[in-house]
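Subject: Structure handover

Hello,

Here is the structure we talked about, with the sequence alongside. My notes on helix packing and charged pairs follow below.

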Amino acid sequence: MLLEQIVEQYGEYLYHLSYLYMKDFQLAEEITQDVLMKYLLHKDDFRKDASLKTYLTRIAINCCHDELRKQKRKSFISKFLPLGRTEPSVEQTYIATEDFATLKQIVFALPLHYREVIVLFYYEEFDVSEIASLLNVSQNTVRTRIRRARELLKTNPELEAIFYEGI
């Protein structure tokens, strides 16, 4: 399959998946490019045990986790050695101050391990076994995370108000 076909078929999907992890449009774009570049450089490593979409999803998730680790490391270091710009970006300020009135924003508020299973299960429509293999955890762990994420969502008063109003 040519790279142009892969970009056309999976590019937007990978971009949206990356955005759901990173909450930053530019980082999502960079990660999408990284995923496609990694696939291009290592396409011979693809054993075809799973679909190409699953393979690219795994690469994207790994890239997102790597970027989150980098950000965590940078924020830890910046507490001791403030390098460069220490104020939040305009986008981060907007997200932080925006009223959590939509389902997307409330899901974003979940911890990463809950957010990723909710996104993969409901938004991307993967089944539990596929999610387990993507995240390298057991199926029971995936089911538990989905259940706990649902409980967190149920106890959110803003989400309750949204469904009460019929939105």
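At roughly what angle do the axes of H6 and helix H8 (residues 139-154) cross, and within what distance do they come? The crossing is at roughly 100°, and the axes come within 9 Å. H6 and H8 are therefore roughly perpendicular to each other. Please note that this is a predicted model.

On the H6 side, the contact includes His113, Tyr114 and Glu116, and on the H8 side it includes Val142, Arg145 and Ile146. The residues of this contact divide into 9 nonpolar, 1 polar and 4 charged.

Helix H6 (residues 112-123) also packs against helix H7 (residues 128-135), at an angle of about 135° and with the axes 10 Å apart. That makes H6 oblique to H7. Here Glu116, Val117, Leu120 and Phe121 of H6 meet Val128, Ile131, Leu134 and Leu135 of H7. This contact has 7 nonpolar residues, no polar ones and 1 charged.

Now the charged pairs. The count of salt bridges comes to 5. One of them joins Arg145 to Glu116, with the closest N and O atoms 3.9 Å apart. Arg145 lies in helix H8 and Glu116 in helix H6, so this pair ties together parts that are 29 residues apart in sequence. Glu116 is buried, at 6% relative accessible area.

Arg69 and Asp66 form another salt bridge, at 2.4 Å from N to O. Both lie in helix H3 (residues 52-80), 3 residues apart, which is about one turn of the helix. Arg69 is partly exposed at 46%, and Asp66 is partly exposed at 32%.

Regards

How values were computed. Residues are numbered from 1 along each chain as its sequence is written. This is a predicted model: local features need pLDDT of at least 70, side-chain atom pairs count only at pLDDT 80 or more; totals for chains, interfaces and linings use all residues. Side-chain values use heavy atoms; hydrogens and water are left out. Axes are lines fitted to C-alpha atoms, for helices over the stretch in contact, and angles run from 0 to 180 degrees between N-to-C directions. Helices (H or I, at least four residues) and strands (E, at least two) are DSSP runs, numbered from the N terminus. Angles under 35 degrees count as roughly parallel, over 145 as roughly antiparallel, 65 to 115 as roughly perpendicular and the rest as oblique. Contact means heavy atoms within 4.5 Å. Ala, Val, Leu, Ile, Met, Phe, Trp, Tyr, Cys and Pro count as nonpolar, Asp, Glu, Lys and Arg as charged, and the others, Gly among them, as polar. A salt bridge is a side-chain nitrogen of Lys or Arg within 4 Å of a carboxyl oxygen of Asp or Glu. Buried means under 20% relative accessible area, exposed over 50%, partly exposed in between (1.4 Å probe, protein chains only).
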